[in-house]
Amino acid sequence: MAEAVQHPIDYESALGRDCTTLSRHVLQQLQSFSADAQDLSALMSRIALAGKLISRHLSRAGLMEGVLGFTGDVNVQGESVKKLDVYANDVFISVFKQSGLVCRLASEEMEKPYYIPENCPIGRYTLLYDPIDGSSNTDINMSLGSIFAIRQQEGNDLDGEAKDLLQLGSKQIAAGYILYGPSTMLVYSIGKGVHSFTLDPSLGEFILSEENIQLPQHGSVYSVNEGNFWQWDESIREYIRYVHRTEGYTARYSGAMVGDIHRILVQGGVFLYPGTVKKPEGKIRLLYESAPLAFLVEQAGGRAITGTQDIMDVVPEKLHQRTPLIIGSKDDVALVESFIQRHAQAQEEKNIRAQARIPQ
Ligand code: FBP
């Protein structure tokens, strides 16, 4: 019987990769050991710790009493709050206590930002986050996510209105998400490409999986809740009719945007959460969801728009502002955009013709 071929284990590269933890990778990216670089690296490590704690809690949620289900409260978004939303929100606050890093945390689950006095004014950063993305998936063991962005704290925000956060997406210093799926992954960018890490439970460390991820220019997947079809603007309905009758498109919608965006990051395609007749601004929150994901996707060569402008160019008017979101591969976002523009143009010509018919 033939000898099994022994492939020499390349310990060097395996070790090299196994030692590329998130905190080390951030310093490598910044090519500096300055105080600022150390702070950002430490900040990312705290986000990773939050991800590990939430991942562990989720993996055992089905075995623990009182972990799943609703709290009975309604959050600032007007949504019924899940117990896991509260748990995850508290985890992010806890990991930054006594850190000297983050002075303020603004979350989808909190009407006003949470201050960590002992970190102010040293902590020059604000963390904006969606502790649990995909809340409708929490009690059915489907994929979930956490979304985060880091911004500079500007001024003392004495009135607690966090007006300094109402700025362009380009003011984000770093952004990313944690995907709680078959494995737990953390994908981030500090404006120098997009990189993914996988949690190795045996090490309790997020280890580098892939660097400088680039989205394909086009993907066959379109991801949208077609249950809202009749509430959409005609232009979006036209786009969906087009992909229905055109070879090569397939629908995927997980109920957790982070999961759908991760698929698009790897395979290409487009995710849409358009505005509806009732809610023209849509559902997705600008500061906690759209802007962080737009920062990431643009870094990976994709695009993110509202339908009429780039998400990164939207100046928020309020902390919990929502925006329509069309995000993903450049060609696929451009295709949706072309339907919106064509429809707007036809509408305009119709108005001009109607005006012309009105006797002056
Ligand atoms: P949450 O942050 O409250 O979970 O809302 C965002 C989200 O759950 C996305 O992850 C998901 O794509 C979308 O809402 C699902 O909304 P719908 O059920 O209306 O399609």
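# Briefing: helix contacts, buried residues and loop positions

L22, S23, V26, L27 and L30 in helix α2 meet A37, Q38, L40, S41, M44, S45 and A48 in helix α3. Of the residues in this contact, 8 are nonpolar, 4 are polar and none is charged. The model is predicted.

**Helices α2 and α3**

- Helix α2 covers residues 22–30 and helix α3 covers residues 35–60; their axes come within 8 Å and cross at roughly 150°. The two helices are therefore roughly antiparallel, because an angle over 145 degrees counts as such.
- The crossing of α2 and α3 is right-handed.
- An α-helix has 3.6 residues a turn, so residues three or four places apart point the same way. Among the α2 residues that meet α3 are L22, V26 and L30.

**Helices α3 and α4**

- Helix α4 covers residues 83–96, and its axis comes within 9 Å of the axis of α3, at a crossing angle of roughly 145°.
- α3 and α4 also form a right-handed crossing.
- On the α3 side, the residues in contact are L43, R46, I47, L49, A50, L53, I54, H57 and L58. On the α4 side, they are L84, Y87, A88, V91, F92, V95 and F96.
- This contact between α3 and α4 is made up of 14 nonpolar residues, 1 polar residue and 1 charged residue.

**Helix α6**

- Helix α6, residues 257–267, is mostly covered, with 8 of its 11 residues buried.
- The buried residues of α6 are M257, V258, G259, D260, I261, H262, I264 and L265.
- G268 follows α6 and has a positive phi, near 85°.

**Q172, in a strand**

- Q172 belongs to strand β7, which covers residues 172–180.
- Is Q172 buried or exposed? Q172 is buried, because its relative accessibility is 4% and the cut-off for buried is under 20%.
- The side chain of Q172 reaches two backbone oxygens: that of G169 at 3.0 Å and that of A291 at 3.1 Å.
- Apart from neighbours within four places in sequence, Q172 is in contact with A149, I150, R151, A291, P292, F295 and M312.

**I284, in a loop**

- I284 sits in the loop between β13 (270–273) and α7 (286–299).
- With a relative accessible area of 6%, I284 is buried.
- Which residues does I284 contact, leaving aside its neighbours within four places in sequence? They are M257, Y273, E289, S290, Q321, R322, T323 and L325. One of these, M257, is also among the buried residues of α6.
- Q321 is 37 residues away from I284 in sequence, while their C-alpha atoms are 8.5 Å apart in space.

**Positive phi outside glycine**

- Q31 is not a glycine, but its phi is positive, near 45°. Q31 lies in the loop between α2 and α3.
- Q31 counts as exposed because its relative accessible area is 73%, over the 50% cut-off.
- N141 is not a glycine either, and its phi is positive at about 55°. N141 lies in the loop between β5 (125–133) and β6 (144–152).
- The relative accessibility of N141 is 75%, so N141 is exposed.

Notes: Residues are numbered from 1 along each chain as its sequence is written. This is a predicted model: local features need pLDDT of at least 70, side-chain atom pairs count only at pLDDT 80 or more; totals for chains, interfaces and linings use all residues. Side-chain values use heavy atoms; hydrogens and water are left out. Axes are lines fitted to C-alpha atoms, for helices over the stretch in contact, and angles run from 0 to 180 degrees between N-to-C directions. Helices (H or I, at least four residues) and strands (E, at least two) are DSSP runs, numbered from the N terminus. Angles under 35 degrees count as roughly parallel, over 145 as roughly antiparallel, 65 to 115 as roughly perpendicular and the rest as oblique. A crossing is left-handed if the near helix is turned anticlockwise from the far one by less than a right angle, and right-handed if clockwise. Contact means heavy atoms within 4.5 Å. Ala, Val, Leu, Ile, Met, Phe, Trp, Tyr, Cys and Pro count as nonpolar, Asp, Glu, Lys and Arg as charged, and the others, Gly among them, as polar. Buried means under 20% relative accessible area, exposed over 50%, partly exposed in between (1.4 Å probe, protein chains only). A polar contact is a pair of N or O atoms within 3.5 Å; within protein, one must be able to donate a hydrogen and the other to accept it, and residues adjacent in sequence count only if both atoms are side-chain atoms.
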